[in-house]
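Welcome, and thanks for taking a look at this model with us. Please have the sequence and the coordinates open as you read.

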Amino acid sequence: MNKEEIIHINKDEFYDIIKNNENVIIDFYSTECPPCEALAEKYIELSKRYGSKILFTKIFRQENKDLAMSLNVMSSPTLLFYKNGVEIGQRLLGYINKEDILKNIALMGVEIKEDIVSNEKIFDTIIIGSGPAGATASIYASRYNMSNVVIGGEIGGMVAKTHLVDNYPALPNIEGSELSQKLLQHFKKYDQCEHVMDVVKQIEKDDNGIFKIITDGNRHYKGKSLIIALGTEKRKAGIKGESEFSGKGISYCTICDGMFYQDKVVAVLGAGDAALTGALHLSDVSTDVYLIYRKEEFSAKDEALKEEVKKRHNIHLISSSNVLEIQGSNIVEEIILDKEYNGSNKLKIDGLFIEIGTIPNDALLEKLGIEKNDSGFIKIDQNCKTNLEGVYAAGDITTGFSDLKQIVVAEAMGAVSATSAKKYISQKK
Ligand SMILES: Cc1cc2nc3c(=O)[nH]c(=O)nc-3n(C[C@H](O)[C@H](O)[C@H](O)COP(=O)(O)OP(=O)(O)OC[C@H]3O[C@@H](n4cnc5c(N)ncnc54)[C@H](O)[C@@H]3O)c2cc1C
């Protein structure tokens, strides 16, 4: 076997491919799927490195739905690992770390060889996160003629996972994926900016006050200042069966996985803006959408969104209720409610979307000694300054602007943080 390129296969070729090749990785991907885009670059890199021992393949899910369903693949992307025709290791789905892929590659008996890619340049600022806050910080930094590197796990952050954005000034009714692409094009157009699509796994500071960043892909970067724009991630519900069925009917991203549920019955857990947006998106694709929430009323703030949800004939509201358990054989088949709905506390569904809010991406920050509030959000002052010298923070991960977690607010903080970083490095000169 000597295939160092990724090959695209279809459902008719699948069984022959896994039977006739010792080691095969299958990537089920979809379009309009931010985690699929986040995986793509890592997948190419891995195929170049391990392609002589492993066949790297991709299957476009939308055109191979029957195969996906028969393999219980219900999330994009899903990586499957085969050795001599038998699936091995752990299926990986959603935002996939390179380290987890390498663990499965090791299980195939392939020796892991990863180089460190060290960038000796010292950037004026390192921006972690490529959502609206990070993108805007980069635009302002470049325009201040500061060299900057933006390291982000996914382009556009949460915006890319949003169906429609209607409150972004001057661009009404824009699709989240389009807005995130526009942000990317904007910040990347400056020569002062380098963009790296990778996940930061370590932040250090040396005795000279230089920050050192190490990524999942073993890349090293140095900077005089740091702007943290890590955003938030979806909160898990802690329901019995939730982790067991993750990717097998449980999803946290309606934009990424909604199309798996075309003409099917789904439920959405939550009553905030994100849950209502998700329910609307699903009601365009699925036959029935049950919206399940704990209180009597929606907690969403957007009045127009609430009205639209109530108008949709295929969205059924189940208020004052909780989901106790998720059940099924291989994939989600039904959920158990704490109250009866239409005479039963069992609800037959094909998928459950959990949209119960977000938590800050603060795991990386433990060793840095950055000050956070009780919920893990970074404390900043009006100049986006943290308690640490040379470290600024912007966007949803901060305590800034109270609880208004919105694109324009994140962008404003991005601009302010770059301005503060500029002042800091000018004073240090
Ligand atoms: C369903 C939904 C709908 C929404 N609709 C709207 C709307 O209509 N209008 C509006 O104004 N706002 C909306 N929002 C809110 C808006 O998306 C956020 O306020 C905004 O995206 C916050 O920007 P941010 O840059 O702070 O964080 P994010 O957008 O979350 O970006 C964080 C970035 O950090 C990266 N990252 C995380 N960990 C790491 C790591 N270890 N290494 C490297 N990178 C990392 C991520 O990959 C991402 O690039 C919506 C949110 C959701 C969930």
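How many Å separate the centres of domain 1 and domain 3, taken over C-alpha atoms? The distance between those two centres is 29 Å.

## Ground rules

This is a predicted model, in which local features need pLDDT of at least 70 and side-chain atom pairs count only at pLDDT 80 or more, while totals for chains, interfaces and linings use all residues. Residues are numbered from 1 along each chain as its sequence is written.

## Domains and their contact

The chain falls into domain 1 (7-107), domain 2 (117-233 + 358-428) and domain 3 (250-354); such bounds come from an automatic or database domain assignment.

## Around the ligand

The ligand has 34 residues around it, of which G129, G131, G157, G231 and G395 come nearest; a residue is near if its C-beta atom, placed from the backbone, lies within 6 Å. Two or more residues each are given to this shell by α5 (132-143), β7 (148-152), α8 (273-283) and α10 (407-428). Helices (H or I, at least four residues) and strands (E, at least two) are DSSP runs, numbered from the N terminus. By class, the shell has 16 nonpolar, 15 polar and three charged residues.

## A parallel sheet and its helix

Five strands make an open, parallel sheet in the order β15-β22-β16-β17-β18, with β15 (250-251) and β18 at the edges, each pairing on one side only. Two strands pair if DSSP finds at least two bridges between them. Strand β16 (residues 265-269) joins β17 (residues 288-292) through five bridges, and L269 stands opposite I292. On to β22 (residues 351-354), β16 has four bridges, with A267 and L352 as bridge partners. I292 also stands opposite I318 in β18, and β17 and β18 share four bridges.

β16, α8 and β17 form a right-handed β-α-β unit: with the strands pointing away from the viewer, the path from the first strand over the helix to the second runs clockwise. Four of the five residues of β16 are buried, as are nine of the eleven in α8. A residue is buried if 20 or more other C-beta atoms lie within 10 Å of its own, exposed if 12 or fewer, and partly exposed in between, with C-beta atoms placed from the backbone. The buried residues of α8, including L276 and L280, pack against α7 (254-257), β16, β17, α9 (303-311), β18 (315-318) and β22.

## Backbone details worth a look

Most residues other than glycine have a negative phi, and most peptide bonds are trans. The bond from S76 to P77 is cis, with omega near -10°, and P77 sits in the loop between α3 and β4 (78-83).

N145, in the loop between α5 and β7, has a positive phi near 65°. N145 counts as exposed because it has 11 C-beta neighbours inside 10 Å. N342 has a positive phi near 50° and lies in the loop between β20 (334-341) and β21 (344-348). Why is N342 exposed? Because N342 has 7 other C-beta atoms within 10 Å.

Conventions: Nonpolar A, V, L, I, M, F, W, Y, C, P; charged D, E, K, R; others polar. Contact = placed C-beta atoms within 7 Å.
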